[in-house]
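Visitor: I should like to go through this structure with you term by term. For each label, please set the value against its definition.

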Amino acid sequence: MNVNQLIELMAALLILVGAIVSVISAFGMIRLPDVYTRSHAATKSATLSVLLCLFGGFVYFWIHDGYVSIRLILGIIFVFITAPVSGHLVCRAAYRSRVPLAEGSGDDALNEILFGEENIQVKEEVEATLKEIKE
């Protein structure tokens with residue numbers, strides 16, 4: 001086994017690990033209770049899986065064909081920059097739309113600062129709606 005075959009094997013392992021992390025991310029999006037934790041699963045692990053797959057493809061084409069793919073490099077940079085920003089914006093929009101946190105997710109210190117007095121009325125409405133849904 002020469003060096004090129006060893007590096008091609010490493011590239012294939014990167015792609016395989018990326019695929020496995022992607023499946024784990026999909027299970028996290030299905031299993032987690034609210035939009036905030038689902039967004040965390042989608043942005044963190046899915047970003048890692050896409051980056052691993054793209055980097056594995058980059059290494060393979062670089063070693064096997066001697067071809068440095070600018071498209072793969074741009075794809076890596078684009079995903080690395082945009083995925084966390086989009087996850088943050090989804091969570092921010094959900095929070096400002098008053099999507100409730102899952103039970104047991106901790107203290108919400110920003111709620112009083114951001115919404116103030118109107119928070120009490122909306123909180124009562126949300127709790128009433130949740131009780132109706134549970135019944």
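Guide: The largest nonpolar core has five residues: Tyr-36, Cys-91, Ala-94, Tyr-95 and Phe-115. Helix H3 gives the most to this core, with three residues. The model is a predicted one, in which local features need pLDDT of at least 70, side-chain atom pairs count only at pLDDT 80 or more, and totals for chains, interfaces and linings use all residues. Residues are numbered from 1 along each chain as its sequence is written, and side-chain values use heavy atoms, with hydrogens and water left out.

Visitor: What makes a set of residues a nonpolar core?

Guide: The term denotes a set of buried Ala, Val, Leu, Ile, Met, Phe, Trp, Tyr and Cys residues joined through side-chain atoms within 4.5 Å. Tyr-36, Cys-91, Ala-94, Tyr-95 and Phe-115 form such a set.

Visitor: Why is Phe-115 called buried?

Guide: Buried means under 20% relative accessible area, exposed means over 50%, and partly exposed lies in between (1.4 Å probe, protein chains only). Phe-115 has a relative accessible area of 14%, and therefore counts as buried. This residue is found in helix H4.

Visitor: Which residues does Phe-115 touch, beyond those up to four places away in sequence?

Guide: Phe-115 touches Tyr-95, Arg-96 and Arg-98, where contact means heavy atoms within 4.5 Å.

Visitor: Why is Arg-96 called partly exposed?

Guide: Its relative accessibility is 44%, so Arg-96 counts as partly exposed. Arg-96 lies in helix H3 and touches Leu-114 and Phe-115, not counting residues up to four places away in sequence. The C-alpha atoms of Arg-96 and Phe-61, 35 residues apart along the chain, are separated by 45 Å.

Visitor: How do you know that the length of H3 agrees with its number of residues?

Guide: Helices (H or I, at least four residues) and strands (E, at least two) are DSSP runs, numbered from the N terminus. The expected span of a helix is 1.5 Å times one less than its number of residues. For the 27 residues of H3 (residues 70-96) this gives 39 Å, and the end C-alpha atoms are 39 Å apart, so the two agree.

Visitor: Which residues of H3 are buried, and what covers them?

Guide: Leu-72, Gly-75, Val-79, Ala-83, Gly-87, Cys-91, Ala-94 and Tyr-95 are buried in H3. The cover includes helix H2 (35-64) and helix H4 (109-115).

Visitor: Why are Thr-43 and Ser-49 called buried?

Guide: Thr-43 has a relative accessible area of 14%, and is therefore buried. Ser-49 is buried because its value is 4%. Not counting residues up to four places away in sequence, Thr-43 touches Ala-83 and Gly-87, whereas Ser-49 touches Gly-18, Val-21 and Ser-22.

Visitor: Which residues does UniProt list as "transmembrane region"?

Guide: The unreviewed UniProt entry lists residues 6-30, 42-63 and 69-91; such annotations may be inferred rather than shown by experiment. In the model, residues 6-30 are 100% helix and 0% strand, with end C-alpha atoms 36 Å apart. Residues 69-91 are 96% helix and 0% strand, with end C-alpha atoms 34 Å apart.

Visitor: Why is the chain called more spread out than a compact globule?

Guide: The chain has five helices and zero strands. Its radius of gyration is 21 Å, well over the 14 Å that the globule rule gives for 135 residues, so the chain is more spread out than a compact globule. The radius is taken over C-alpha atoms, and the rule is 2.2 Å times the number of residues to the power 0.38. Along its principal axes the C-alpha trace spans about 70 × 30 × 20 Å, and buried residues make up 24% of the 135 residues.
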